[in-house]
Structure formats: C-alpha cells, structure tokens
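Here is a short briefing for a first look. Please keep the sequence and the model in view.

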Amino acid sequence: MTFTPRVFSGIKPSGDLHLGNYLGAIRRFVPLQDTHETIYCVVDMHAITVWQDPEDLKRWTYEIAAAYIAAGVDPKKSIIFNQSQVMEHAELGWIFNCVARVGWMSRMTQFKDKAGTNEGGENSEAVSLGLYAYPSLMAADILLYKATAVPVGEDQKQHLELTRDIAKKFNHDYKKQVKALGFKGDFFPVTETLATGPAVRVKSLKDGSKKMSKSDASDLSTIYMMDGADLIAKKIKRATTDADALPSEAAGLAGRLEAENLVGIYASLSNRSVDEVLGEFGGQGWGVFKPALADLAVAKLSPIADEMKRLVADRGELDTILRDGAERARVIAQPIMADVRNIVGFVR
Ligand code: TRP
C-alpha cells in the first residue's frame with residue numbers, strides 16, 4: 001500500500017476574499033491535489049470567535065467555497081466542506097480544550113494581538129472565550145483527519161506548534177489506552193507546515209509595511225477577488241510607489257517596500273521569479289510597469305471572479321458540493337473520533 005500524505009487547510013469566512021488570500025493560500029492548494037489527499041475547509045466555527053453577522057457569514061462561506069473551486073480546487077479530487085457540517089470538529093475541539101493548558105493559550109501571539117495584551121488589541125476581558133480556545137479547535141481540525149501536512153503562512157506557525165504540543169500530550173497522557181486499542185506507536189501524528197514554493201506575502205497597496213487586509217482603512221489598499229477589471233486597474237494605478245525606476249535585479253528592491261510588493265505580485269501572478277520580472281522591466285518607470293501589472297492582474301483574476309460570481313449566484317450547486325464534501329470528511333473523521341472516545345473513556 002502506498003501512503004499518500006493528507007493535507008488539511010482552512011480559511012475563515014470573516015470578510016471578502018482578497019488577492020493576499022488568493023496568492024498566499026488558495027492558489028497554493030491546487031497543485032497539492034496531485035500529490036496529496038487534500039481536505040480544504042471553510043472554518044465557519046472559527047469565524048464566530050469574533051462577532052459575525054449571520055447573513056455575512058453565509059455569504060462569505062459560499063464565497064470561499066466558490067473561490068476554492070474557481071481557483072482550480074476540484075471538488076471531486078479534494079474534499080471541500082464547511083467545518084460546522086462535521087460536528088466531530090467541535091467534539092474533538094472540546095477534548096483538546098481539556099488537553100491544552102491555559103498557559104499555552106496565553107502565550108499565543110495572535111490571541112494577544114486580538115485580545116489586548118499586545119499593542120493595538122482590544123480588552124482581553126471582553127473577547128469571547130472561543131477566541132481563547134481558537135487554537136485548540138484548529139488542532140482538532142487537523143488531527144481529526146490525522147493530517148500531517150498543513151499549507152499555511154508564517155503567521156500560523158505558532159498554531160501548528162501548538163497542534164504538535166496537543167498531539168504529544170494526548171499521546172503521552174493516554175499512552176496505555178492507545179496501546180490497549182492495538183496501536184503500535186503514537187495515536188496522533190506530528191503535523192508539519194507544508195512549504196509550497198517561495199512565500200508570497202501580499203502587502204497593502206498603500207503601505208508596503210502592512211499586510212494586504214480586509215480591515216484596511218483605505219478602500220484602495222486591497223484588491224478583492226470580486227473586484228471588476230476597472231476597479232483592479234484603478235487600484236493598481238493609484239498604488240503608492242517611490243519615484244525611482246525599477247532595478248534590474250531583486251537585490252535592488254531592498255528597502256523599497258512598495259516596489260517590492262508590486263513586483264512580487266507581478267512575479268506571483270505570472271509564475272515567474274522576481275529576477276525574471278526585473279530582467280524585463282529593469283530601468284523602466286512606474287508609468288510602464290503599473291499598466292502592465294494592471295493588465296496581468298485583470299487577465300488572471302477576471303476569469304476567477306467570473307466563475308466565483310457564477311457559483312455564488314446558485315447556492316444550490318455549492319450546497320451540494322459542501323454536503324458531499326462533509327459526507328466524505330465524516331467517513332475519515334468518524335472512525336478516528338470513535339477511537340478517541342474509546343481512548344478517553346467515554347461510554348457509548
Ligand atoms: N487559523 C487559520 C487562519 O487564520 C485558519 C484555520 C483554522 C486553519 N483551522 C485550520 C488553517 C486548520 C489550517 C489548518 O488562517
């Protein structure tokens with residue numbers, strides 16, 4: 001029997017999808033379908049750790065599912081579903097709440113950023129309990145399928161470390177029961193961050209030191225997947241830049257954050273290296289580069305936007321895909337969860 005490693009990844013339906021989500025995550029999910037068993041989730045239970053308007057939550061859930069498909073994730077090859085349709089996520093999440101330690105959670109930088117112990121956060125007393133437990137639900141997402149490969153960005157590394165810590169502690173605490181069930185080694189595997197080519201970190205079009213994000217104050221800083229051609233072109237033309245011409249090689253972008261971002265987007269959209277792009281555009285000014293980037297972005301993104309729009313217009317088709325995906329997810333999750341209940345000592 002050959003062993004195909006299992007991939008799990010998820011995106012939160014908590015805002016309109018933008019270019020950073022596409023280049024940094026969704027697009028990288030596609031080639032993995034040929035080498036791995038792939039499970040791509042819309043993590044709606046994670047989304048409600050902060051308030052979500054229910055109608056928006058639905059709309060964004062469909063939008064992410066549509067984006068997966070429009071970008072080339074094949075619902076026949078991959079399992080595409082939304083988290084809340086497979087209740088085992090919540091069940092294993094609870095058990096992991098009892099494995100993870102309060103101290104571990106308190107050290108999570110993403111929680112501290114959102115909850116106020118770090119600069120810019122809100123009041124930590126007023127955030128939801130779910131936000132605190134967020135990482136143990138994420139560990140459950142992954143380990144419910146014993147997935148070993150998780151394609152995520154740099155900002156999720158700490159969450160994957162915590163996933164490993166939870167797996168280790170569970171394996172250790174329940175060693176006797178795991179052995180008694182007939183398992184030769186550990187029950188939960190070690191999860192690795194899956195590197196998929198050079199990291200693409202798309203920055204705000206207005207400030208090259210900030211991530212492109214849906215919560216940016218400026219409407220022109222973020223390219224949304226559903227933006228029309230004119231709007232994409234306008235945002236790129238108005239993007240902040242410096243006054244210099246483009247350098248001929250990547251080293252010349254050092255310290256020029258906005259230039260680096262735009263060239264990086266061009267390279268990523270055209271599947272070329274930064275050096276190749278600069279080989280073509282080195283010495284040119286923004287008056288040449290920006291229109292070229294706008295044309296490229298429109299050519300690459302419009303077909304995806306069109307397909308997304310077609311898909312979200314008919315929720316029936318997406319409902320069928322998500323329901324089918326949830327069923328196939330359950331086929332993997334249920335036996336693992338049955339073992340977990342047994343191991344923990346839950347009477348059935
Ligand atoms: N925390 C992830 C993010 O914000 C989303 C997520 C939830 C996830 N569960 C996951 C990613 C499991 C990978 C695997 O991007």
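This is a predicted model: local features need pLDDT of at least 70, side-chain atom pairs count only at pLDDT 80 or more; totals for chains, interfaces and linings use all residues.

Residues are numbered from 1 along each chain as its sequence is written, and side-chain values use heavy atoms, without hydrogens and water.

**Around the ligand**
- The ligand is surrounded by 13 residues, each with a heavy atom within 4 Å of it.
- Lys12, Tyr134, Met138, Asp141 and Gln156 are the closest.
- By class, the shell holds 7 nonpolar, 4 polar and 2 charged residues.
- Helix H7 gives the largest share of the shell, 4 residues.

**Polar atoms at the ligand**
- In Lys12, a polar side-chain atom lies 3.3 Å from a ligand oxygen atom.
- In Tyr134, a polar side-chain atom lies 2.7 Å from a ligand nitrogen atom.
- An N or O atom in the side chain of Gln156 is 2.9 Å from a nitrogen atom of the ligand.
- On its own the ligand has 370 Å² of accessible area, and the protein covers 90% of that; the area comes from the Shrake-Rupley method with a 1.4 Å probe.

**Helices H13 and H14**
- H13 (residues 286–313) packs against H14 (residues 315–344) at about 90°, with axes 5 Å apart.
- H13 is therefore roughly perpendicular to H14, a term for angles of 65 to 115 degrees.
- Arg310, Leu311, Val312 and Ala313 of H13 meet Arg315, Glu317 and Leu318 of H14, with contact meaning heavy atoms within 4.5 Å.
- This contact has 4 nonpolar, no polar and 3 charged residues.

Technical notes: Axes are lines fitted to C-alpha atoms, for helices over the stretch in contact, and angles run from 0 to 180 degrees between N-to-C directions. Helices (H or I, at least four residues) and strands (E, at least two) are DSSP runs, numbered from the N terminus. Angles under 35 degrees count as roughly parallel, over 145 as roughly antiparallel, 65 to 115 as roughly perpendicular and the rest as oblique. Ala, Val, Leu, Ile, Met, Phe, Trp, Tyr, Cys and Pro count as nonpolar, Asp, Glu, Lys and Arg as charged, and the others, Gly among them, as polar. A polar contact is a pair of N or O atoms within 3.5 Å; within protein, one must be able to donate a hydrogen and the other to accept it, and residues adjacent in sequence count only if both atoms are side-chain atoms.
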